Amino acid sequence: MTLQELRYFCVTAEVLHYTRASRLLYISQPSLSYAISKLEQELGVQLFKKNGKKVTLTKYGEEFLPYAKRALSELSEGTERLREMKVPSLGDISLGYIYSVSFSALPEFVNSFYKHQGSEQIAFRFRQGKAGELIEQLLNGSLDLLIAGKPDLASIDYIPIYRQELYLIVPATHRLADAESVALADIAGEYFISLNHETLTYHQLEKEFKKAEFEPNTIIEADEYSSIAASVSTGAGVAIMPILPILDSFNVRRIPFADSTMYRDICVLRSSSQEMSPEVQSVWDLAKYISHGHENGVE
């Protein structure tokens with residue numbers, strides 16, 4: 001089996017939708033299906049099963065998924081370690097990030113930076129945390145840059161680099177559990193579980209609910225997504241969040257919004273009052289390049 005096949009399997013297992021997975025991987029759906037089929041042939045088991053348009057993991061797929069994720073993670077860590085050993089750092093950048101970008105936007109952006117630079121002589125010092133706390137650190141100069149949702153602050157400059165789709169998360173026994181897609185109005189009257197009101201995502205969803213002309217019946221505000229997923233799995237309510245590996249630990253269903261209408265822009269943020277070092281400027285320039293490519297339809 002190849003690392004590419006493992007990556008294709010993990011992404012498809014996350015979204016459980018071949019068309020959506022092929023878009024995330026920037027390949028055609030037939031290419032994705034062929035790669036998954038080759039992996040299944042080598043393993044001698046079926047990893048996915050289809051029922052109409054619905055895709056689910058088989059018992060073999062569920063068992064294999066954590067091993068595949070761990071293998072990719074270990075390889076990524078080993079590659080990063082060799083980079084550190086090979087070339088002494090000429091400078092470093094303190095880069096903050098929120099948890100929900102650590103599986104997609106963050107590694108893709110950092111890898112793009114090293115490819116774009118053609119050198120690994122700049123090192124990153126990563127710091128994970130809550131968006132509000134990280135923004136404070138960005139403003140006081142403790143962080144050079146931050147990868148998070150789009151802020152609404154005049155003191156923060158930002159560049160969108162990634163569009164993260166949001167899904168409705170419901171208990172496995174919920175009336176919408178088998179729906180292929182939903183609209184925001186479908187959850188009017190439902191008990192709602194959200195991130196706390198200090199987060200950027202909370203304020204974005206608040207605007208979306210106003211557009212849909214109803215106010216969610218919020219019964220729980222949590223600090224992080226694992227608590228939200230756990231609360232949903234108990235039947236306490238429904239939630240809206242991106243797909244994260246933590247969801248695999250709970251008995252919940254993830255449902256896309258019709259026509260992928262629910263998403264948030266993930267951005268690179270900087271304090272508008274802080275002067276950028278040449279190293280930080282090079283990362284900021286890459287963010288501009290990526291953003292410009294997306295605006296012109298280049299993936």
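The model is predicted: local features need pLDDT of at least 70, side-chain atom pairs count only at pLDDT 80 or more, and totals for chains, interfaces and linings use all residues. Residues are numbered from 1 along each chain as its sequence is written, and side-chain values use heavy atoms, with hydrogens and water left out.

**Helix H3**

Helices are DSSP runs of H or I, at least four residues, and strands are runs of E, at least two, numbered from the N terminus. Leu32, Ala35, Ile36, Leu39 and Glu40 of H3 are buried, meaning under 20% relative accessible area. They line one face of the helix, because they fall within an arc of 135° seen down its axis. That arc is taken from the directions from the helix axis to the C-beta atoms. Just after H3, glycine 44 has a positive phi of about 80°.

**Two loop residues**

Serine 28 lies in the loop between helix H2 (18–25) and H3. Threonine 199 lies in the loop between strand S8 (191–195) and helix H7 (200–211). Partly exposed falls between the buried and exposed cut-offs, 20% and 50%.

| Residue | Relative accessibility | Class |
|---|---|---|
| Serine 28 | 37% | partly exposed |
| Threonine 199 | 12% | buried |

The side chain of serine 28 makes a polar contact with the side chain of serine 31 at 2.8 Å. Such a contact is a pair of N or O atoms within 3.5 Å; within protein, one must be able to donate a hydrogen and the other to accept it, and residues adjacent in sequence count only if both atoms are side-chain atoms. A polar side-chain atom of threonine 199 lies 2.8 Å from the backbone oxygen of asparagine 196.

Note on methods. Buried < 20%, exposed > 50% of the residue type's maximum accessible area, 1.4 Å probe, protein only.
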